Amino acid sequence: MTVHAQPMIATPQAMHFADALQLQSGSQVRDYTLAYETYGTLNADRSNAVLVCHALNASHHVAGVYEGQDKSEGWWDNMIGPGKPVDTNRFFVIGVNNLGSCFGSTGPMHTHPDTGKVYGADFPVVTVEDWVNAQALLLDRLGITQLAAVLGGSLGGMQALSWTLQYPDRVRHAVVVASAPNLTAENIAFNEVARRAIVTDPDFHGGHVYEHGVVPQRGLRIARMVGHITYLSDDVMNEKFGRELRDAVVGSATGYKYSTQDVEFQIESYLRYQGDKFSEYFDANTYLLITRALDYFDPARTYGGDLSAAFARTAAKFLLVSFTTDWRFSPARSREMVQALLNNQRDVSYAEIDAPHGHDAFLLDDARYMNVVRSYFTRINDELTAGVAA
Amino acid sequence: MTHDNLKAIAALVPQGSRVLDLGCGDGALLAHLQQHKGCTGYGVELDDTNVHACVQRGVNVLQLNLDLGLSVFADQSFDVVLQIDTLQHLRNAETMLRETARVGKTGIVAFPNFGHWPNRLSILQGRMPVTKRLPYQWYDTPNIRVGTFKDFEVLAEKNGLQVTEAFGLQDGQRVDTWPNLMAGTAVFKFQHS
């Protein structure tokens, strides 16, 4: 295991697309830009490309750091890079920011080419399938016909899965981590609470926030707080915070402040901090769009809910990973996908990692998780070098 | 499982079979069947280290707890279902035997034969056996089901399974004479009757 002492330098890039992209909803986007980054080198037969799909609040900045910014690690830097489980010395890794996001690709804060006005709430609703179609167009431009692998966690896992359904010939392996074939009612419910928090913020202005020059930060904060609770497990929260009080409260004579509005418990302080941080950089319309994409994703829907029937079109080999304490994308949901793949006699491996960290585990270092992904990608590389891929 | 035992069991699996290996360990048997007999299929394993070993070998592995059943597998979806040194660890050994017959057209089970003479001798001397095949003390053994070659014949019949082949394995050699006495490992191949 050799991890380079010097951090890998990442360079954000942008690809412009003039032609209209037909969306599932019936509307279109045209004159749009996709922000992306690549790491490693595309080999001569263009067979070593790995696409990484991002989840709710991440971006194309998957790995490495930006020049001169030591702390700017990509969101999956522990997984991807030179000598890392997805080894950029072997693979050409692509991170792409999805349409509707707020990190560089065309989104609600950009100008609608038809009206000359900022999209705001008029940005069309995009789906996982739309994102995958846009990613495929980017790959076309990069000259990549077939991916060695598509990789994603959570909502990113849904995109990886969707790749195997929309472009079965273009994916050799799919690595789907902490994901699900659709959201449960409870999961949609959490999204709805977050959306209501945003749209009922007086600063939301029906989504036309940019022309009002305001940010519905209160709504975004609460949306993030709710989300954050669901990404952790009860055990981890108890271990991290328990019933601990903030220092200022501990010092007080009465033990509590007997206030209903002060921040007294450490968990309150933590959630508020997370909410504040998030509301500084995330876009309200993007939050609405991305949670909606999560809600809508359901590839079995057109097959009467029969996931096995939906998976009949897959041709990829799969690695699925779930985490035992993840209650937002529980192991049971991954096992549904395993079962549907088994029913189609597809190659699938499934690791159920007994980790305490809830849904967040997919972004954390766990040796068992990292080793399984590392070995799986080593096998993919072995296939490449053996020429099996050709 | 020694390499010789592994080969003796692999010999029972027809060429090109679709195989499910319950409690597949590090995937050695499945890898052998893939490489030498053109088989395809999956292993089921609970242990993290073994799951990783399977991925390293390029064997499809599913990290599932067998004590929770085989509900993800469809009826008769495999040519052969293997339970090699697995049965003795399961709380629901009988259910799993029936499940094996449901999921596979053929089942192959191997387990340590408690009827092997050194074990009997130990019991006669008043102590639970500790041998190369059964290396654990009675208080820390993972083998929660101890049974004999003969016991399995009875269980198979009770569950309406037709045993098509049964023999013992000792030092990598097949034992057909008095296997219940002479072999440390019991092997059964069966199907629905």
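What share of the contacts in chain A with a separation of 6 or more comes from residues 24 or more positions apart? I get 71%, with contact meaning heavy atoms within 4.5 Å.

Ground rules: this is a predicted model, where local features need pLDDT of at least 70, side-chain atom pairs count only at pLDDT 80 or more, and totals for chains, interfaces and linings use all residues. Residues are numbered from 1 along each chain as its sequence is written, chains are lettered from A and ligands numbered from 1 in the order written, and side-chain values use heavy atoms, leaving out hydrogens and water.

**Chain A**

I looked up the secondary structure of chain A and found twelve helices and 14 strands (DSSP runs, H or I of at least four residues for helices, E of at least two for strands, numbered from the N terminus). The radius of gyration of chain A is 21 Å, close to the 21 Å that the globule rule gives for 390 residues, so chain A is as compact as a globular protein of that length. That radius is taken over C-alpha atoms, and the rule is 2.2 Å times the number of residues to the power 0.38. Of the 390 residues in chain A, 56% are buried, i.e. under 20% relative accessible area, with exposed over 50% and partly exposed in between (1.4 Å probe, protein chains only).

**Chain B surface**

I then checked Met182(B), which sits in helix H7 (residues 179-182) of chain B. Met182(B) is partly exposed, at a relative accessible area of 36%.
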